[in-house]
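Let's take a walk through this protein together. Have a look at the whole fold before we zoom in on a couple of spots.

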Amino acid sequence: MKTQKYVPYLAVAASFVVLGCASVDSGADMDALTAKMVQTSFRDQGIAKVDRLTQDESNAACSAADATGVPLAPARAQAIEAANLKTVQWPKDGKWVGDWKEGEKIAQNGRGMTWSDKAGSANGGNCYNCHQISKEEISYGTLGPSLYNYGKIRGIQNPDSPESKAIVEYTWGKIWNAKAYNACSGMPRFGHSGILTEAQTRDLVALLVDPQSPVNK
């Protein structure tokens with residue numbers, strides 16, 4: 001079983017030989033050569049730029065933890081979460097909940113940010129790719145937890161009430177930058193990464209917390 005762990009590295013090493021690399025002296029050398037191969041395998045095209053391959057400190061730390069199989073130390077994870085929480089942009093007008101019908105459209109839409117999309121065009125959230133959201137949708141991903149009855153099971157009867165404020169704010173923050181609450185979350189950082197706008201975030205919050213949304217029926 002142990003040999004399976006090294007299969008990807010052997011494949012990469014074989015590729016280096018084909019490329020004319022005589023030897024790989026250390027893990028650091030392997031990482032550098034792998035990064036170089038990845039970098040030279042992509043090119044800018046349309047709005048999709050090679051700089052997307054550059055990881056920030058949070059992503060790099062989680063990638064390293066995943067590669068080594070050693071989880072982040074609790075203090076490191078807490079520091080990442082705290083740093084990401086500071087990046088969350090809360091609604092400028094104080095309005096947290098938008099139109100759940102628009103939120104459903106965003107959740108269903110998987111387009112955006114590809115080389116064939118136009119700069120400035122609205123992106124989708126592709127939420128059903130990872131989550132169950134409503135009972136009407138029979139095809140959905142299971143990578144993330146089910147969000148069906150998200151607001152209902154949290155007792156939200158009026159999203160604008162003081163009693164609902166904490167969970168509504170958490171929902172906004174989770175959509176904007178999931179790493180603020182889970183250091184190595186695999187969820188896209190929709191607002192932080194510029195995938196979704198403030199208005200789209202507001203509509204997704206509505207999809208999850210509005211009692212009239214199909215999520216809570």
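Predicted model: local features only at pLDDT ≥ 70, side-chain atom pairs only at ≥ 80, totals over all residues.

As for what lies inside, 35% of the 217 residues count as buried.

Now for the overall build. You'll find 7 helices and 0 strands, so reading along the sequence gives α-α-α-α-α-α-α. Among contacts in the protein with a separation of 6 or more, 56% come from residues 24 or more positions apart.

For a look at one of those helices, find H3, which covers residues 57-68 and holds Cys62. Is Cys62 buried or exposed? Its relative accessibility is 11%, and buried means under 20%, so Cys62 counts as buried. Take Ala183: 121 residues separate it from Cys62 in sequence, yet their C-alpha atoms are 7.7 Å apart in space.

Next, a pair of helices. Two packed helices are described by the angle and the distance between their axes. The axes of H5 (residues 100-108) and H7 (residues 198-209) come within 7 Å and cross at roughly 100°. Angles of 65 to 115 degrees count as roughly perpendicular, so that is how H5 sits relative to H7. On the H5 side, the contact is made by Trp100, Glu102, Gly103, Glu104, Ile106 and Ala107, while H7 brings Gln200, Asp203, Leu204, Ala206 and Leu207. Sorted by class, this contact has 6 nonpolar, 2 polar and 3 charged residues.

How values were computed: Residues numbered from 1 in each chain as written. Heavy atoms only, no water. Axes fitted to C-alpha atoms, helices over the stretch in contact; angles between N-to-C directions. Helix = DSSP H or I, 4+ residues; strand = E, 2+ residues; numbered from the N terminus. Parallel < 35°, antiparallel > 145°, perpendicular 65-115°, else oblique. Contact = heavy atoms within 4.5 Å. Nonpolar A, V, L, I, M, F, W, Y, C, P; charged D, E, K, R; others polar. Buried < 20%, exposed > 50% of the residue type's maximum accessible area, 1.4 Å probe, protein only.
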